[in-house]
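Welcome, and please open the structure in your viewer. We will go from stop to stop, with something to select at each one.

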Amino acid sequence: MLKIVLPEKAEKVLSFRAAPKLQARIEELAVKSTEGQLAETEKAEYTGYVWANKFVAILQRQARQLKKTHS
């Protein structure tokens with residue numbers, strides 16, 4: 001597995017959260033997506049957020065593993 005999180009950055013990665021305004025936008029798009037009401041531009045925007053969320057989840061999983069092995 002490719003290691004992309006530095007041990008000294010693990011805590012920062014684990015505490016990462018989207019800014020409240022961004023989180024509200026993502027939630028708005030999620031609701032519209034569930035209801036099938038996204039415009040094409042919104043679909044592209046929401047897809048980007050979904051992919052970014054997956055990437056952050058991978059980073060956070062790696063950070064948790066690092067903390068486990070370095071504690």
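Before we start, a word on residue classes: Ala, Val, Leu, Ile, Met, Phe, Trp, Tyr, Cys and Pro count as nonpolar, Asp, Glu, Lys and Arg as charged, and the others, Gly among them, as polar. What you see is a predicted model, in which local features need pLDDT of at least 70 and side-chain atom pairs count only at pLDDT 80 or more, while totals for chains, interfaces and linings use all residues. Residues are numbered from 1 along each chain as its sequence is written, and side-chain values use heavy atoms, with hydrogens and water left out.

**Stop 1: the whole chain**

Show the protein chain as a cartoon. You will find 3 helices and 0 strands, in the order α-α-α along the sequence. Here helices (H or I, at least four residues) and strands (E, at least two) are DSSP runs, numbered from the N terminus.

Now look at the overall dimensions. The C-alpha atoms fill a box of roughly 45 × 25 × 15 Å along the principal axes. The radius of gyration of the protein chain is 15 Å, whereas a compact globule of 71 residues would have one near 11 Å. That radius is taken over C-alpha atoms, and the globule rule is 2.2 Å times the number of residues to the power 0.38.

**Stop 2: the largest pocket**

Select F16, R17, A18, L22, Q23, I26, Y49, A52, N53, V56, A57 and Q60, which line the largest pocket. Two elements, α2 (20-34) and α3 (40-69), each give two or more residues to this lining. Which element gives the largest share of the lining? It is α3, with 6 residues. Colour the lining by class and you get 8 nonpolar, 3 polar and 1 charged.

The pocket holds about 280 Å³ of space. On a 1 Å grid over the protein atoms alone, a pocket is an open set of points where a 1.4 Å probe fits, with protein on both sides within 12 Å along at least five of seven lines; lining residues have an atom within 4 Å of a point. Grid points are joined across faces, edges and corners, and the volume is the space filled by probe spheres set on the points.

**Stop 3: L14**

Select L14 in helix α1 (residues 10-15). Is L14 buried or exposed? L14 is buried, because its relative accessible area is 18% (buried means under 20%, exposed over 50%, partly exposed in between, with a 1.4 Å probe and protein chains only). Beyond its neighbours within four places in sequence, L14 is in contact (heavy atoms within 4.5 Å) with Q60, A63, R64 and K67.

**Stop 4: R64**

Move on to R64 in helix α3. R64 has 46% relative accessibility and so counts as partly exposed.

**Stop 5: K32**

Finish at K32 in helix α2, partly exposed at 22% relative accessibility. Setting aside neighbours within four places in sequence, its contacts are Q37, L38 and E42.
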